[in-house]
Amino acid sequence: MTRRMMVAGNWKMNGSAAAVDRFAEEISTAVDGLAAQLLICPPAVYIERLGRQVSGVAVAVGAQNVAAEREPGAFTGETSGEMVVDAGATYAIVGHSERRALYGETDQVVATKANAAAAAGLVPIICVGETLEQREAGQAEAVLAAQLDALFDHADQDTLSIAVIAYEPIWAIGTGHSATPDQAQEIHAFIRSHIRDRNATMAESVQLLYGGSVKPDNAAALFAGADVDGALVGGASLKADSFLDIARAAG
Ligand code: PGA
């Protein structure tokens, strides 16, 4: 099966109204003819602003997180899936390693958030990945298998059938040390085969993104992996020119 390539930008807690405007202007004229699906996930307060400015342009807008709760209520500081849909989001990243490490999100919370995102009409981009210690101890595959199993145990079938999975080794995020193309392909093939054991249809259709120090100069080599269907890009997505260079590398 041919899976469409996707390049998704995760701005994290970066950006400003001016940065959104500049990015939207620079990207709007440049994405025509690019084959990859493009997505930017700015901070939630800028989803609507960015979405308005790229309407009619082949760039989707997404959230970096959504509440686990689906119904409105007394959840100070939270933003629901329905609210980010109202703002124009069509995707939501869930379970980014920073959310897991800094805000205590467990595998179960991640699955609940993925379900909440999907129920609101968002495509969840579910992040998995191992730490450096786990990799050095030879546990990378076991860690990923456990994260994926938790997803299969707690996420709804409807969620899984539309989800995108992002493999983001924690040691590669924001460090400038990307996984090598061989390391990325090896783990992506492992993830796909692990998914195949649980759901053969999903294994073939699911887009597996690589994330962790993806830059214009390493993107093409990473994308050459047969099981690498695109990238989740942090730092290099903040500037339109580097994001576009990565998008071009995806075809
Ligand atoms: P990076 O971040 O590209 O800056 O390494 C990736 C991510 O955390 O999604």
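User: What makes the shell around the ligand four nonpolar, seven polar and two charged residues?

Analyst: The division follows from residue type, because Ala, Val, Leu, Ile, Met, Phe, Trp, Tyr, Cys and Pro count as nonpolar, Asp, Glu, Lys and Arg as charged, and the others, Gly among them, as polar. By that rule the shell holds four nonpolar, seven polar and two charged residues. The model is a predicted one, in which local features need pLDDT of at least 70 and side-chain atom pairs count only at pLDDT 80 or more, while totals for chains, interfaces and linings use all residues. Residues are numbered from 1 along each chain as its sequence is written, and side-chain values use heavy atoms, with hydrogens and water left out.

User: Which residues of the shell are the closest to the ligand?

Analyst: Of the 13 residues that surround the ligand, the closest are Lys-12, His-96, Glu-168, Gly-174 and Ser-213. A residue is near a molecule if one of its heavy atoms lies within 4 Å of it.

User: Where do Lys-12 and Ser-213 lie in the chain?

Analyst: Lys-12 is in the loop between β1 (6–10) and α1 (17–28), and its phi is near 55°, a positive value in a residue other than glycine. Ser-213 belongs to the loop between β7 (208–211) and α11 (216–223). The phi of Ser-213 is near 60°, again positive in a residue other than glycine. Helices (H or I, at least four residues) and strands (E, at least two) are DSSP runs, numbered from the N terminus.

User: How do you know which pocket the ligand takes?

Analyst: On a 1 Å grid over the protein atoms alone, a pocket is an open set with protein on both sides within 12 Å along at least five of seven lines, and lining residues have an atom within 4 Å of a point. A molecule sits in a pocket if more than half of its atoms lie within 2 Å of its grid points. The ligand takes the space of the second largest pocket. That pocket holds about 190 Å³. It is lined by 19 residues, with Lys-12, Gly-174, Val-233, Gly-234 and Gly-235 the closest to its centre.

User: How much space lies in the largest pocket?

Analyst: About 520 Å³ lies there. Among its 19 lining residues, Lys-12, Met-13, Gln-64, Asn-65 and Arg-99 are the closest to the centre. Helix α4 (residues 97–103) gives the most to this lining, with four residues.

User: Why is a space called a cavity rather than a pocket?

Analyst: A cavity is a set of points where a 1.4 Å probe fits but cannot get out, whereas a pocket is open. The count comes to one cavity of 30 Å³ or more. The largest cavity has about 40 Å³ of space. Among the residues that line it are Arg-100, Asp-107 and Gln-147. Helix α7 gives the most to that lining, with three residues.

Methods:
Grid points are joined across faces, edges and corners, and a volume is the space filled by probe spheres set on the points.
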